[in-house]
Structures are given as structure tokens and as C-alpha cells.
Amino acid sequence: MSDRNPGMDLDLEWVSKVRLNTQAVLKRAQRVQSRKVAKKEWQAAWLLKAVTCIDLTTLSGDDTPSNVHRLCMKAVQPVRYDLLQSMDMHDKGITTAAVCVYPSRVADAVKSLKAAKSNIPVASVATGFPAGQTPLKTRLEEVRMAVEDGATEIDIVINRTLALTGHWAELYYEIQQFREACGDAHMKTILAVGDLGTFTNVYKASLVAMMAGSDFIKTSTGKESVNATYPVAIVMVRAIRDYYLKTGHKVGFKPAGGIRTAQEALVWLVLMKEELGDQWLTPHLFRLGASSLLGDIERQIYHYVTGRYPANHDLPMA
Ligand SMILES: O=C[C@H](O)COP(=O)(O)O
């Protein structure tokens with residue numbers, strides 16, 4: 001991860017002045033989506049870049065040590081070895097950026113990755129994920145316990161009640177406390193944009209989260225009815241850019257929820273490149289939170305290497 005964002009004093013004047021042009025945001029998002037994406041070897045290279053930015057996720061009620069172990073093994077070898085070999089990329093240490101699990105599964109993931117001699121970070125969701133509707137004391141304790149179990153990245157969810165009722169100062173102080181509870185673990189703050197109602201609220205929540213010291217801002221939990229969309233991303237990355245121009249601190253961006261195809265991954269990379277520039281195109285500042293994206297990326301890479309699409313048995317771990 002890059003240098004941490006230390007945050008800044010809450011600037012309520014900045015927050016209250018926010019006005020957004022919805023039509024302009026929608027138009028910009030449409031333009032990004034209609035960009036021609038790279039083909040052939042360039043596409044394969046971009047897809048491998050996307051792989052290195054994935055927070056490979058499982059957040060299910062039926063998660064067990066064994067499916068978390070399988071997830072970890074996939075994170076360590078995200079693309080079949082012989083496919084990487086054909087691209088001369090087998091010795092480049094390609095792994096996903098992190099694995100992301102519920103707090104109760106952190107110890108399992110740490111154990112599996114340690115056994116595989118991998119230093120892929122374990123990210124834990126926390127603070128009453130996904131709704132964030134548990135008492136503050138419990139939410140803080142959950143962060144501390146995940147860190148104690150070995151998580152080095154914590155994906156907190158914000159209290160949407162505070163955002164929806166305009167209690168920005170209270171939201172700022174809560175997020176500051178989460179940041180403190182994280183200690184050295186990097187903090188990604190999930191805004192749950194599908195619950196926030198307006199682009200203006202999304203921009204304000206982004207600012208408040210960054211002012212309170214978030215290392216990343218993340219769109220969604222994957223459990224809202226609307227998750228990562230390109231228009232919302234435009235709003236969030238512009239908040240990241242404005243915060244950077246004002247403070248000199250780079251905050252990362254993590255779209256998450258419903259990202260399933262290689263084509264979508266390419267659009268996300270284009271969006272980052274065009275809005276924030278190449279310096280944001282690294283796992284230190286960009287993550288794709290996804291539980292089922294990697295399978296399609298591996299499928300497309302298989303097609304690039306062999307000229308045909310795989311049968312299920314060709315990619316049994318996908
Ligand atoms: O944080 C990541 C999301 O929960 C993943 O959502 P997904 O299962 O729709 O890919």
C-alpha cells in the first residue's frame with residue numbers, strides 16, 4: 001500500500017458547498033463506457049493488471065475454513081500456470097491484491113496464506129458489515145479483533161443513518177475512531193452508495209471519509225440493490241482528485257459489488273487512467289472488490305492464449 005492518508009480537520013464549509021451537475025456526470029460515465037478497449041496482447045496485459053488489483057472476496061453466510069482456503073490458493077495462483085508461461089509472465093509473481101473475508105474467517109485466511117508462504121494481505125470487512133447497524137462499541141471491537149487475528153486491511157462500512165440525516169461531523173468522528181482502531185492496518189471505507197440517494201451525498205460522504213483518514217474509499221458492500229456503477233465512480237474519483245489537490249494525499253479507490261466480467265474490469269481501468277492517471281493504476285491505489293470476476297478474466301486469457309474458450313474442466317479452479 002502507498003503512504004497512508006493522515007486525514008485532516010473536518011472542513012464542514014467544504015462539505016456544505018458541494019454541488020454536482022448530474023447530467024455532466026452521466027455523460028462522462030457514458031463516454032468512459034463507450035471507449036474502445038485494448039485488443040489482443042494489449043488486452044491480455046490489461047487483464048493481468050486487473051488481476052493484480054483484485055480483492056478476491058468471499059462474503060457468504062456459508063463460508064467455511066475450506067472454501068476460504070480454496071479462495072486463498074486461487075489468490076496465490078490466480079491464472080493457470082501454463083497460461084502465464086505462454087505469455088512469459090509465469091515468473092512475475094502475479095497474485096491478486098488481497099483476499100477479503102468476514103472477520104470470523106480472517107484467522108483461516110491468514111493460516112492458509114502462511115502455509116502457502118504467501119504475503120498476500122488479508123482484508124476483513126467490519127463495523128457491522130453490511131448494514132453498519134450495530135452499536136459503535138461493537139463496531140470498534142470488531143475492527144480490533146480482525147486486526148488481532150491478522151487482517152492488515154479493514155473494509156469498514158459507514159453509518160448510513162448519519163449520512164442520510166446530514167450528521168457529517170458525527171460520521172467524521174466515527175470514521176476517525178475506526179481508523180484509530182485499525183492501527184497499522186489500512187482502512188478502506190465503504191460508502192454503500194446505493195443507500196445514499198444522491199450524487200451530492202456520495203461526494204460529501206467521500207470527502208468526510210477522506211478527511212477522517214481513510215486510505216481507500218470503496219463504493220459498496222455488494223449487498224445493496226445498486227452497487228458499483230460508473231456514474232457514482234466518477235463522483236468518487238473526482239472527490240479523490242479534489243482531496244489530493246487540496247492536501248497532497250493520494251486516497252485509493254475500490255469499486256465493489258456486481259463486477260463480474262473481464263470487459264467491466266477493462267472499463268474500470270480506463271476510468272481510473274482517464275480520471276486519475278497512471279499513478280492510480282496500481283494495487284496501492286486501486287482495487288476491484290469481486291467474488292466472481294476472476295473466473296471470466298481467466299477465461300478471456302485462456303482464449304487469448306489458445307484461440308478457443310475453455311470448457312469447465314479446463315479451468316476447474318476458476
Ligand atoms: O467487497 C466486495 C463485494 O462484496 C463483492 O461483491 P460481489 O460478490 O458482487 O462481487
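A: UniProt, in an unreviewed entry, places the feature "active site" at Lys218 and Lys254; such positions follow the numbering used here, feature names are shortened, and annotations may be inferred rather than shown by experiment. Although the two are spread over 37 residues of sequence, they cluster in space, with a largest C-alpha distance of 4.4 Å. Residues are numbered from 1 along each chain as its sequence is written. The model is predicted, so local features need pLDDT of at least 70 and side-chain atom pairs count only at pLDDT 80 or more, while totals for chains, interfaces and linings use all residues.

Q: What is the mean pLDDT of the chain?
A: Here pLDDT is the predictor's confidence in each residue, from 0 to 100. The chain has a mean pLDDT of 96, and 99% of its residues reach 70 or more.

Q: Is Lys218 buried or exposed?
A: A residue is buried if 20 or more other C-beta atoms, placed from the backbone, lie within 10 Å of its own, exposed if 12 or fewer, and partly exposed in between. Lys218 counts as buried because it has 29 C-beta neighbours inside 10 Å, and Lys254 is buried too, with 25 other C-beta atoms within 10 Å.

Q: Which residues is Lys254 in contact with, leaving aside its neighbours within four places in sequence?
A: Two residues are in contact if their C-beta atoms, placed from the backbone, lie within 7 Å. Leaving aside those sequence neighbours, Lys254 is in contact with Asp55, Lys188, Phe216, Lys218, Arg287 and Gly289.
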